[in-house]
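Here are some brief notes for your review. Please read them alongside the coordinates.

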Amino acid sequence: MNSQQPIQRKVIDHIPVELDLEEFLRVLRVRRLKKKDVDLLLRRCRQLIEPKAVYAFVNVSRIEMDKVKLSSGDSLRSIILAEMLEEGQKIALYVVTIGGRLEKAIPRESEGSILKAWTLEKIGDYALGKASAHIRSHVEEVLGGAVSSFSPGSGTGKLFDIKQQKTIFKVLDPPRTVGVDLTRSHLMVPRKSVSGVFAATRWEYIACQFCPRERCESRRRPFSGEYYPLNCGQKASL
Ligand code: SF4
């Protein structure tokens with residue numbers, strides 16, 4: 001019997017993203033640029049970002065070692081997903097992007113200033129974070145509670161290998177649905193894109209907890225040591 005279920009992708013072409021000056025200045029935590037200059041850059045970025053997303057809900061049909069089989073017939077290999085998810089659970093695969101216009105415009109808009117170029121990059125990250133939060137909150141409404149986010153390649157990549165992008169891209173077809181391509185090394189183009197899995201979990205997973213990288217300005221939690229899998233670590237293919 002074929003138990004595969006058809007995938008129903010949802011594409012959002014215009015995610016409402018508000019780029020707020022005061023909020024961004026709090027996020028940026030750098031005081032070397034004048035507020036009015038940041039405001040000008042933000043205004044320009046509002047015209048350049050194109051926040052879009054594609055996502056789909058699937059069920060976890062089976063978990064074997066580090067392999068999470070999905071109701072779509074696809075599988076994700078990940079130590080952390082295999083440990084945190086439950087068979088029968090509904091999860092969402094997603095790709096969110098702000099498009100490529102901002103990153104292409106940075107050399108021109110920064111007018112040779114490294115600080116302006118850096119600020120524009122940060123505005124892109126801020127916009128992408130807000131677009132991603134919008135999709136996350138929608139998924140939370142559907143799933144009925146808070147979710148964790150798992151992105152292939154995040155942290156050291158040992159817990160969820162970047163190669164697993166292939167499965168997410170197979171399910172969601174982002175080149176066609178939102179204009180995001182995958183390079184041979186599994187990086188997304190445009191760069192200002194994020195992908196992964198949203199799922200309700202017993203405790204909130206944040207990759208930074210298990211990432212030893214020093215001096216990361218995006219760190220959200222202190223490093224708490226290497227992650228040691230409880231169930232599937234012995235035979236899983238790291
Ligand atoms: S510490 Fe930095 S590199 Fe490591 S997972 Fe967090 S944001 Fe990513």
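1. In which sense does α1 pass α2, left-handed or right-handed? The crossing of α1 with α2 is right-handed. Keep in mind that this is a predicted model.

2. Now the geometry of that pair. Helix α1 covers residues 21–28 and helix α2 covers residues 35–48. Their axes come within 11 Å. They cross at roughly 110°. Angles of 65 to 115 degrees count as roughly perpendicular, so α1 is roughly perpendicular to α2.

3. Next, who makes the contact. From α1 come Leu-21, Phe-24 and Leu-25. From α2 come Lys-35, Val-38, Asp-39 and Leu-42. By class, the residues of this contact are five nonpolar and two charged, with no polar ones.

4. The ligand shell. Ser-154 and Gly-155 are among the residues around the ligand. The shell divides into four nonpolar, three polar and two charged residues.

5. Pro-175 sits in helix α7, residues 174–177. How many other C-beta atoms lie within 10 Å of Pro-175? The count is 13. A residue is buried at 20 or more and exposed at 12 or fewer, so Pro-175 is partly exposed.

6. Surroundings of Pro-175. Leaving out residues up to four places away in sequence, Pro-175 touches Val-180 and Asp-181. Phe-198 is 23 residues from Pro-175 in sequence. In space, the two are 20 Å apart, C-alpha to C-alpha.

Methods. Residues numbered from 1 in each chain as written. Predicted model: local features only at pLDDT ≥ 70, side-chain atom pairs only at ≥ 80, totals over all residues. Near = placed C-beta within 6 Å. Nonpolar A, V, L, I, M, F, W, Y, C, P; charged D, E, K, R; others polar. Axes fitted to C-alpha atoms, helices over the stretch in contact; angles between N-to-C directions. Helix = DSSP H or I, 4+ residues; strand = E, 2+ residues; numbered from the N terminus. Parallel < 35°, antiparallel > 145°, perpendicular 65-115°, else oblique. Left-handed = near helix turned anticlockwise from the far one by under 90°. Contact = placed C-beta atoms within 7 Å.
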